[in-house]
Amino acid sequence: MSGRLIFAALAALLLSGCASGAAWGWYVIDPTTAQGQTNIRFLIGGFWMTISMSLLAILISASLGLLIALPALSERRGWRIVNRVYVEFVRSIPLLPMLFWVFYGLPLLFRAMGVPITVDPFWGAVITLAVSDSAFTAEIYRSGIQSIAKGQAEAARTVGLSRAQTMRYVILPQAIRRILPPLANQFIYIVKMSAFASVIGVQELTRRANELSVTEYRPLELYTFLILEYLVLVLVISAFVRWLERRMGSDERG
């Protein structure tokens, strides 16, 4: 019901804007005019950059998060400390300062080491999103793996499976079903946080809306369209995740 109310409110806003052209400027995104079509094409052109950046970031984050989660499961205290230090340090840093450090600070660090490397804005954003999210992903993996009954691992050992084989063939397949929903939430989080990449020049959805707002002087209309873009993107992702959960049995009750 809340979703319908949101759509109804947005529709009412659009209709009221169209009815009073003096106060509103919806013509900038009017699909019936050449100007509106050009602006809409420019705005939705950022979809590919946002999606590709978010997909790469979640893939790297999921892989890195698993590597960070494994030491937390070790019987050795030293490895568990390594996990805690990484998780607490990374998730305490806000995303925007980390993005600035990677994009502006990392090249200076490389230069001081005699390596003249520049950071591409796209990859700088991907690395920042992946590292920032990896601490949260590691905690998701850890809790998911620890939720599997210890008897599963003991049974695997009795049939001759090594610790690595037990993790790969017995524990992880069961844990993945349980951690899929929170991992999907992290992907949606990354999609939304990718908007910060606009500050370093990545041509994603928010950057394009910012640039058009400067030339058209219609921030309300353009940012409303931007919100709708993110809404559609997140709804599509959520629908896909629910379908995937049903296929994998992650939504089974009891």
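## Aromatic pairs and a charge over a ring

Across the whole structure, which is a predicted model, a search finds 5 aromatic pairs. One of them joins Phe 122 and Trp 123: the ring centres lie 5.4 Å apart and the planes stand at 85 degrees, so this pair is edge-to-face. An angle over 60 degrees is what places a pair in that class. The two partners can also be described by their accessibility. Phe 122 is buried, with a relative accessible area of 15%, whereas Trp 123 is partly exposed at 43%.

Elsewhere, Phe 100, Phe 103 and Tyr 104 are linked by ring pairs into a cluster. A ring also takes part in a contact of another kind: the charged end of Arg 208 sits over the ring of Phe 42, at 4.8 Å from the ring centre.

## Overall organisation

The protein contains 10 helices and 0 strands. Followed along the sequence, its pattern is α-α-α-α-α-α-α-α-α-α. Of its 254 residues, 39% are buried. Among contacts with a separation of 6 or more, 72% are made by residues 24 or more positions apart.

## The packing of α6 and α8

Two packed helices are described by the angle between their axes and the distance between the axes. For helix α6 (residues 121-146) and helix α8 (residues 163-193), the axes come within 9 Å and cross at roughly 145 degrees. The crossing of α6 and α8 is right-handed. On the α6 side, the contact is made by Leu 129, Asp 133, Phe 136, Thr 137, Ile 140, Tyr 141, Gly 144 and Ile 145. The residues contributed by α8 include Met 167, Ile 171, Leu 172, Ala 175, Pro 182, Gln 186 and Met 193. Sorted by class, the contact of α6 with α8 has 16 nonpolar, 3 polar and 1 charged residues.

| Residue | Relative accessible area | Class |
|---|---|---|
| Arg 157 | 42% | partly exposed |
| Thr 50 | 0% | buried |
| Gly 25 | 0% | buried |

Arg 157 lies in helix α7 (residues 150-158). When residues up to four places away in sequence are not counted, Arg 157 touches Arg 163 and Thr 166. Its relative accessibility of 42% counts as partly exposed, because that class lies between the buried limit of 20% and the exposed limit of 50%.

Thr 50 belongs to helix α3 (residues 47-72). With residues up to four places away in sequence set aside, Thr 50 touches Val 191, Ser 194, Glu 204, Leu 205 and Leu 233. Thr 50 is buried, its relative accessible area being 0%.

Where is Gly 25 placed? Gly 25 is in the loop between α1 (2-19) and α2 (34-44). Leaving out neighbours within four places in sequence, Gly 25 is in contact with Arg 218 and Glu 221. Gly 25 and Glu 221 are 196 residues apart along the chain, yet their C-alpha atoms are separated by 6.7 Å. Gly 25 is likewise buried, with a relative accessible area of 0%.

Technical notes
Residues numbered from 1 in each chain as written. Predicted model: local features only at pLDDT ≥ 70, side-chain atom pairs only at ≥ 80, totals over all residues. Heavy atoms only, no water. Axes fitted to C-alpha atoms, helices over the stretch in contact; angles between N-to-C directions. Helix = DSSP H or I, 4+ residues; strand = E, 2+ residues; numbered from the N terminus. Left-handed = near helix turned anticlockwise from the far one by under 90°. Contact = heavy atoms within 4.5 Å. Nonpolar A, V, L, I, M, F, W, Y, C, P; charged D, E, K, R; others polar. Phe/Tyr/Trp six-rings, centres within 6.5 Å; stacked < 30°, edge-to-face > 60°. Buried < 20%, exposed > 50% of the residue type's maximum accessible area, 1.4 Å probe, protein only. Lys NZ or Arg CZ within 6 Å of the ring centre and 35° of its normal.
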